[in-house]
Amino acid sequence: ECHEKAAAEEHEDLPLVDCRQCHAPHDEKVIHDAHTRVACTACHQRDGIAVVDPASGEVIFGGKMLAGQNPLPHQMVLEKGDALCRNCHFKGNDLGASSMILPAKGILCMPCHVATFSIGDRVTVFSLLIFAVGMSGLGVIWLSGAKSESSGHRCRSGLRPLMVAMVTDVLFIKRLYRLSPSRWVIHALIYYPILIRLAFGMMALGLSLFLPETELAGAMLDKNHPFRALLFDLTGLMILTGATAALLRSKKGRGMVTHLPAPGLAMTALLGLIALVGFLLEGLRIAMTGWPGGAHYAFMGYGVSLLVNGMTGITNIYGYVWYVHAVLAGTFGALIPFTRMIHIITAPVVLMADARSAVQQNH
């Protein structure tokens with residue numbers, strides 16, 4: 001099944017087989033955008049030793065085989081659990097791999113990263129538990145209110161106004177622009193980059209699940225692809241700029257608008273800190289992996305990587321910074337129901353409800 005002309009040819013003349021002829025590449029939950037430069041044989045070769053190919057920068061099988069072993073493709077193995085990961089993830093490795101075995105990005109990371117709907121690490125579990133408790137409390141408060149009388153009349157022409165409200169008020173934040181154009185700009189610097197990242201991540205996840213063999217899927221999962229590297233650094237810089245501008249504007253007393261509540265500064269500062277640590281993490285990754293091709297398009301992370309050039313123990317430090325970034329993001333998510341940042345959830349609901357009420361009153 002691997003060699004079409006195996007019966008007619010000598011083994012020495014048979015070409016090597018690409019594993020992807022029969023096995024689809026891993027989806028995002030396994031590859032989690034860190035193993036796009038790792039060859040199949042680097043992980044799945046029996047008694048294999050992984051090395052970095054100096055020409056391509058990819059992590060490949062080192063070619064060391066015991067005497068009497070069968071040819072390379074016939075020694076492929078599938079190991080379960082962390083045993084497979086520890087072949088590359090150990091202290092002092094020179095593969096550009098973190099010494100820690102880091103979990104795949106889960107649902108907590110989806111707003112800003114290519115991730116899956118998984119809940120596999122403790123940070124995500126604790127954050128979602130606190131978030132659920134907060135939302136449950138709010139739900140009890142909301143449901144305790146008096147129910148308004150309904151006329152029983154159903155408006156059949158309400159879909160179009162709802163769609164208009166979704167586009168103008170939810171997507172383009174028209175009401176905020178009318179009240180304060182400057183605050184709209186600051187809000188947009190944070191809101192739209194997250195929206196763009198979320199859309200990118202959902203598309204990449206879908207391709208990794210259903211069309212993993214396509215070049216587009218590989219490109220969207222590759223952090224060093226020029227388009228993705230540039231896009232994520234630009235959007236990250238926008239978030240950091242928006243958070244900084246919001247803090248400076250509020251400090252100067254320009255954050256108050258008559259019909260708007262004051263912005264929550266603590267959560268805004270936390271969001272900026274998440275972005276800042278993200279750039280540090282990216283710089284460590286680029287330096288740790290040996291400045292792979294295309295990484296320079298991530299201009300912010302690349303600049304950080306030059307600053308940490310020559311630092312010892314980056315593979316050990318990287319895992320700790322990764323968890324700092326994750327804990328900050330988890331803290332932000334957990335505190336949403338307890339802060340003014342709840343408007344992320346309530347504002348679209350209220351705006352759509354207002355639009356529906358307006359339609360019913362007109363009829």
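The legends below accompany close-up views of a predicted protein model.

**View 1. Confidence along the protein chain.** The protein chain has a mean pLDDT (the predictor's confidence in each residue, from 0 to 100) of 85, and 85% of its residues reach 70 or more. Confidence is highest in helix H10 (residues 299–307), at 97, and lowest in helix H12 (residues 343–362), at a mean of 78. Helices are DSSP runs (H or I, at least four residues), numbered from the N terminus. In this predicted model, local features need pLDDT of at least 70 and side-chain atom pairs count only at pLDDT 80 or more, whereas totals for chains, interfaces and linings use all residues. Residues are numbered from 1 along each chain as its sequence is written, and side-chain values use heavy atoms, with hydrogens and water left out.

**View 2. The largest nonpolar core.** A nonpolar core is a set of buried (under 20% relative accessible area, 1.4 Å probe, protein chains only) Ala, Val, Leu, Ile, Met, Phe, Trp, Tyr and Cys residues joined through side-chain atoms within 4.5 Å. The largest has 30 residues, of which Tyr318 and Phe332 touch the most other members. Helices H3 (122–143), H8 (226–251), H9 (265–288) and H11 (314–335) each give two or more residues to this core; H9 gives the most, with 11.

**View 3. The surroundings of Phe332.** Beyond its neighbours within four places in sequence, Phe332 is in contact (heavy atoms within 4.5 Å) with Met267, Leu270, Leu271, Ile274 and Met341.

**View 4. The packing of H9 and H11.** The axes of H9 and H11 (lines fitted to C-alpha atoms over the stretch in contact, with angles from 0 to 180 degrees between N-to-C directions) lie 9 Å apart, at an angle of about 160 degrees. H9 is therefore roughly antiparallel (over 145 degrees) to H11.

Definitions and conventions:
Buried means under 20% relative accessible area, exposed over 50%, partly exposed in between (1.4 Å probe, protein chains only). Angles under 35 degrees count as roughly parallel, over 145 as roughly antiparallel, 65 to 115 as roughly perpendicular and the rest as oblique.
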